[in-house]
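Let's take a walk through a protein model together.

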Amino acid sequence: MKIVNILDFESHKVGDDWTPAVTAALESISKDEEATLFFPKAEYTFYPDKAKICEVHPTHNGQGPRSVIFDLEHRKNFTLDANGSDFLFVGQAYPFWCYECENLTLKGFSEDFDRMFLTQATVTESNQEYFDVEIDKEKYPYKIEDNALYFYSDYWCEGGPDMVHFLTEFDPKTGSVAYDSAYFFLSANADPSQIDRQLLLKKLEPLTDNSFRLYVNNPKPPRKGNVVVFLHAHRSPVGAYIEKCTDVTVEDMYLYHCGGMGIVCDNCKNIKLNRVNVIPKPNSGRLISINADATHFTHCEGYIRITDCVFEGMIDDAINIHGFYTVIDSIADEHTVYATYYPSAHECICDGDKLAVIDRDTMQTVAYVTVKHVHSENTPEFFMGVQPKASIHNGPKVKLVFEEPISEAVREEMVFQNLTKDPTEVYVGNIKTGKNRPRGILISTAAHTVIENCEFYNSEAAIDFTCDAKYWFESTAAADVTIRNNRFVDCAHASFCGVIRSCPLIPKGNTVFHKGIKIYDNVFESFSPLMLEMNHAEFDFHDNTYIKKTDVYKEIERPHIIATYCDMKCNGVK
C-alpha cells in the first residue's frame with residue numbers, strides 16, 4: 001500500500017493555505033491505487049480560492065458548484081488518516097466530496113470554520129412587541145443597513161431586506177433548547193396570519209455598537225438571559241458529502257461546525273460511522289455545533305452502522321434515514337409513466353429497481369412494478385410519445401418504463417416507493433445525542449433496525465417514526481425495529497411531545513403504517529410521564545421504567561402512552 005505524507009507537498013502551499021498541497025498530493029495517487037494520504041498531527045488551514053470547483057447536490061442542502069478541498073472521486077481502497085489533526089476551513093470552502101468510491105476511510109481529524117454560519121445573540125430585554133439582543137461582533141460580525149440585518153465574514157455576506165432568518169432559543173444554563181420554546185422564521189415580508197411560526201420584522205433599531213432591538217409580533221417572546229440563534233446560511237457547506245460510494249468508514253472525527261448537515265450519504269451502500277462526534281467546540285462559548293442534521297442517509301443500501309458517537313447542539317436531528325416518494329405525473333401507456341422526484345432529490349430510481357405504488361391519502365400499497373428503463377428529462381427518450389402533465393412539485397423529472405403492465409389501480413398523483421434502495425440493516429449503538437433542535441433518530445426504513453445502549457436528551461422526540469407523501473415526501477414505513485437498554489433524560493422539554501413518537505401523515509383511514517416496533521428494558525427519566533405518542537403503529541412496549549425527574553424542568557401531567565389507530569401490546573410501566 002502506498003503512503004503519501006502531506007508534508008512532502010508542503011512546497012505547494014500558498015501562505016498558510018494547504019489546499020494546493022492537498023490537490024497535488026491527490027494527483028500523485030492514481031484512482032485505483034490502494035493508498036493512504038497521511039497528515040502528521042497539526043492544524044491545517046484550507047481556503048476556497050484555489051480549490052477545485054465541483055457540482056454537488058446533497059439532499060436537503062445547498063446545491064450547485066462548490067469549492068471542494070478534498071475532491072475524492074472514483075477512488076478505490078483510499079484512506080485519509082489525519083492522525084488527530086485540526087482542519088480549519090475558511091469562507092465557504094467545501095471540505096469533502098466523495099463520489100463513486102469503493103472501500104473509503106476518513107479518520108482522525110476535526111473540522112471547523114473561521115466564521116460560523118450562524119450567530120449567537122444574548123437576549124437583554126424581551127416582550128411581545130420587541131426584544132433586544134447583544135452580540136459578540138468579533139466572533140459574529142454583523143451590520144444594519146436600511147432596516148435590514150446582514151451577517152458577514154471576509155468571504156461572504158448573508159442578509160438583506162428579503163432574508164428569512166431561522167431563530168431558535170437556547171438556555172445557556174442547560175446548554176439546550178429552552179424549555180417550552182418554539183422556533184420562528186423572522187422576515188420583513190412575513191405574514192403571521194397565513195403561515196405558522198412567522199415573525200414579522202417591523203423595524204430594527206441599533207442600541208449600541210454590539211446590540212440592537214427587533215420590533216416584531218412576538219406571540220412567544222424569548223426569555224431575558226437566553227440566547228437566540230440566527231441561522232443565515234443556505235445549508236452549505238456540509239461537513240462531508242458522500243455520494244454513490246460503497247464500503248465507507250468514517251471514524252475518530254470531531255465536527256465542530258459547518259453550514260449544512262454534517263455527514264450526508266446519498267445512494268451509498270455499507271456505511272460505518274465510529275466515534276464521530278458532532279459537538280460545539282470545547283471552550284469556545286458556543287452552544288451550537290452545526291446548522292442542520294448531524295447525519296443524513298437517503299436511498300442507501302446494505303448496512304448503516306453508527307457506534308460510539310456523540311451528536312449535540314445541532315439545529316436539526318442527529319440521525320435521519322429515509323428514502324423519497326416519487327410522484328406519478330401522468331400515465332403514458334400500460335408500461336410507461338412520467339414522474340417527478342422531490343425537488344432536492346436525484347436518482348431516486350434506477351434500472352432494475354422494484355417499486356411499490358402508494359396511495360398518498362391512505363398510504364397503502366396498491367401495486368408493484370419493476371423498472372426496465374429510467375429516462376431523465378435531458379435525454380431524447382424522455383420526449384418520445386405522450387408528453388407529461390405538470391407535477392404537484394418542481395423536482396427533477398423522469399420517464400419510467402416498466403417490465404410488466406401497470407395495474408389499473410394506479411392513478412396520477414400516487415407515488416412510487418423504492419423497495420430496492422433501502423437498507424437491509426441499521427444498527428445504532430452506544431451513542432449520546434441531545435441539546436439540539438429538534439429530534440434524535442428518525443427511522444423511515446424497512447430495515448432490520450436495532451437501537452441500543454444509547455442516551456437521549458433531545459429537546460423534542462428522541463426517536464421519531466415519520467413518513468408522508470404530502471410535504472417532505474420521505475419514505476419508508478418501519479417494519480422491524482428494536483429499541484432496548486436506552487436511557488432517555490428530559491426529552492421533549494421544548495414541545496412536550498412523546499419521547500418515542502410515531503406520526504406518519506395519513507389523511508384518510510385508520511390503518512397501521514409503521515410495524516414491528518419493539519420497545520423494552522429502557523429507562524425514561526423525565527419531568528413528563530409521556531413516554532410514547534404513537535399514531536398508525538404496531539408496537540410492543542414492555543419492561544420499561546419511568547423515573548420522575550424535576551430537578552431541571554417543571555413537572556407536567558401527561559399519561560404514559562397516547563396511542564391512536566394502533567395495534568399495541570403493553571405490560572405497564574415499572
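## The whole chain

The radius of gyration is taken here over C-alpha atoms, and the rule for a globule is 2.2 Å times the number of residues to the power 0.38. Keep in mind that this model is predicted. For 574 residues, a compact globule would have a radius of gyration near 25 Å, and the protein chain comes out at 24 Å, which agrees. Along the principal axes, the C-alpha atoms fill a box of roughly 70 × 65 × 50 Å.

So what is the chain built from? It has one helix and 50 strands. Of the 574 residues, 59% are buried. Take the contacts between residues at least 6 apart in sequence: 71% of these join residues at least 24 apart. The accessible surface comes to about 22100 Å², with 47% of it belonging to carbon and sulfur atoms.

## An open sheet and a closed barrel

Start with an open sheet of three strands, in the order 11-12-13, paired antiparallel. Strand 11 (142–145) and strand 13 (157–159) stand at the edges with a single partner strand each, so one side of each has no neighbour in the sheet. From one strand to the next, the twist averages 25 degrees. Strand 12 (residues 148–152) is joined to strand 13 by three bridges, and Y150 sits opposite G159 in strand 13.

Now look for a closed barrel of six strands, which runs 28-29-32-31-30-33 with antiparallel pairing. Its neighbouring strands are turned by 45 degrees against each other on average, direction ignored.

The structure holds 37 aromatic pairs. One of them is F89 with F113, a tilted pair at 5.7 Å centre to centre and 35 degrees between the planes. Because F89 lies in strand 6 (residues 76–89) and F113 in strand 8 (residues 102–113), the pair ties together parts that are 24 residues apart in sequence. F89 is buried at 0% relative accessible area, and F113 counts as buried at 2%.

F117 and W156 have ring centres 5.4 Å apart and planes at 25 degrees, so this pair is stacked. F117 is in the loop between strand 8 and strand 9 (118–126), while W156 is in the loop between strand 12 and strand 13, 39 residues apart. F117 is buried at 1%, and W156 counts as buried at 6%. Ring pairs link these residues into a cluster whose members include F89, F113, F117, W156 and W18.

Technical notes:
Residues are numbered from 1 along each chain as its sequence is written. This is a predicted model: local features need pLDDT of at least 70, side-chain atom pairs count only at pLDDT 80 or more; totals for chains, interfaces and linings use all residues. Side-chain values use heavy atoms; hydrogens and water are left out. Two strands pair if DSSP finds at least two bridges between them. Helices (H or I, at least four residues) and strands (E, at least two) are DSSP runs, numbered from the N terminus. Axes are lines fitted to C-alpha atoms, for helices over the stretch in contact, and angles run from 0 to 180 degrees between N-to-C directions. Buried means under 20% relative accessible area, exposed over 50%, partly exposed in between (1.4 Å probe, protein chains only). Contact means heavy atoms within 4.5 Å. Accessible areas come from the Shrake-Rupley method with a 1.4 Å probe; for residues, only the protein chains shown count as cover. Rings of Phe, Tyr and Trp (its six-membered ring) pair if their centres lie within 6.5 Å; planes under 30 degrees apart count as stacked, over 60 as edge-to-face and the rest as tilted.
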